[in-house]
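My notes are below the display.

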Amino acid sequence: MIYLDYSATTPVDQDIFKEYIKNTLLFSGNPNSQHQLGKFCKSKIDYAIASVCRVFNCDSDELIFTSCASESNATAIRGIANSFNTAGKHIITSKLEHRSILKEVERLTTLGYEVEYVNILKNGQVDLIDLENKIREDTILISICGVNSEVGYKQDLYKIREVINKKNNKVIFHSDLTQALGKINIDLTPLDMASFSSHKVYAPIGCGLLYKRKNIEIDPLICSTNDNSLFRGGTRALPLIVAFCESIKKYNNNIENQNKCISLNKLIIDRLSKYDIQINSNEYCIPHIINFSLLRMKSLDFVRYLDKEKILVSSTTACCSKKESIILKELYKDENIYKTSIRLSISHLTTIEQIDKFFKVFDEIYQKHLK
């Protein structure tokens, strides 16, 4: 099997999996309990969180562990909307966002909130002039992802922050960094809130993270049921949290892994360029995602052809894998582009031999169906 769908989910790192198993077997106490095992479990979580604080240069009470990035996104957006509605009900986001963001802001429009979508330039970058024009006195939240999950567009969050501060420095700036973690260095300085997910960075599925600057007060999505002042209620999953923290330490700003993906990206782009297709990813994209449009074959047909050969790719994101690309539809308005798009997503685990096999099968499909 050749796996080229790392942006959907990553395999669990063996060392991190061992850590997960060890903590599952040895530390089964409830970290909310007041006996010695419970207190020891809490100390294990606290120690893991402290290590991530050093990576992100933040405080422990600014990190909230959730079940996934979608919950983190919902907590951020719903929390700001509920807690800041006296200041305004105007929200700005983009069509680059994950479906969990888009569905959440769509829900808010039914509750009287006004949502505007900032224009995206043809190169995949947020139109900063349009963003500045859209920010108002009653704008309470701007949510722009650091890396788009379909095409791989990377945004300059510092420039977005500058625009926000210039127009209205009271606006909360949230970014979904799910596709950024483990691929680029994470810097939380320009952000008020940020979302992450464990299964995008070689840790087990089931853990998310929300960074929330300490001076921002919002209502929790899940209220605490105990007296330990946790923002998110419920029993914290020690094995998942510790494993996620280990993966953040190991993979954030891993230059060796990033350089390997840069080399593989160049190889893939060079070989794709020989075919009569459209390559949608550009110099503003992270090297881990290569998006292209076949132009003469529907995305799902191509995915199924490859699947028969045990080569796994995707058409869009996993959450809307049977739907057409939202962002390419927004940028190009051309069915031949957005209904035929393919996303290859690679990792430091990807080999040249796997790429060679992909192109062998790709060429067979191309010669038979696309030439």
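Basis. I am working from a predicted model, in which local features need pLDDT of at least 70, side-chain atom pairs count only at pLDDT 80 or more, and totals for chains, interfaces and linings use all residues. Residues are numbered from 1 along each chain as its sequence is written, and side-chain values use heavy atoms, with hydrogens and water left out.

Sheet. I looked up an open sheet of 3 strands, antiparallel in pairing, with the order β9-β10-β12. Strands are DSSP runs of E, at least two residues, and helices are runs of H or I, at least four, numbered from the N terminus; two strands pair if DSSP finds at least two bridges between them. β9 (278–279) and β12 (341–345) each have a single partner strand, so one side of each has no neighbour in the sheet. β10 (residues 289–293) pairs with β12 over 5 bridges, and I289 is bridged to S345 of β12.

Cavity. On a 1 Å grid over the protein atoms alone, a cavity is a set of points where a 1.4 Å probe fits but cannot get out, and lining residues have an atom within 4 Å of a point. Of its 17 lining residues, G182, K183, Y202, H288 and H348 are the closest to the centre. Helix α8 (residues 255–272) gives the most to this lining, with 3 residues.

Pocket. A pocket is an open set of points with protein on both sides within 12 Å along at least five of seven lines. I noted about 490 Å³ for the largest pocket. Its lining has 22 residues, and S60, D61, L63, L230 and R236 lie nearest the centre. α2 gives the most, with 5 residues.

Key: Points joined across faces, edges and corners; volume = space filled by probe spheres on them.
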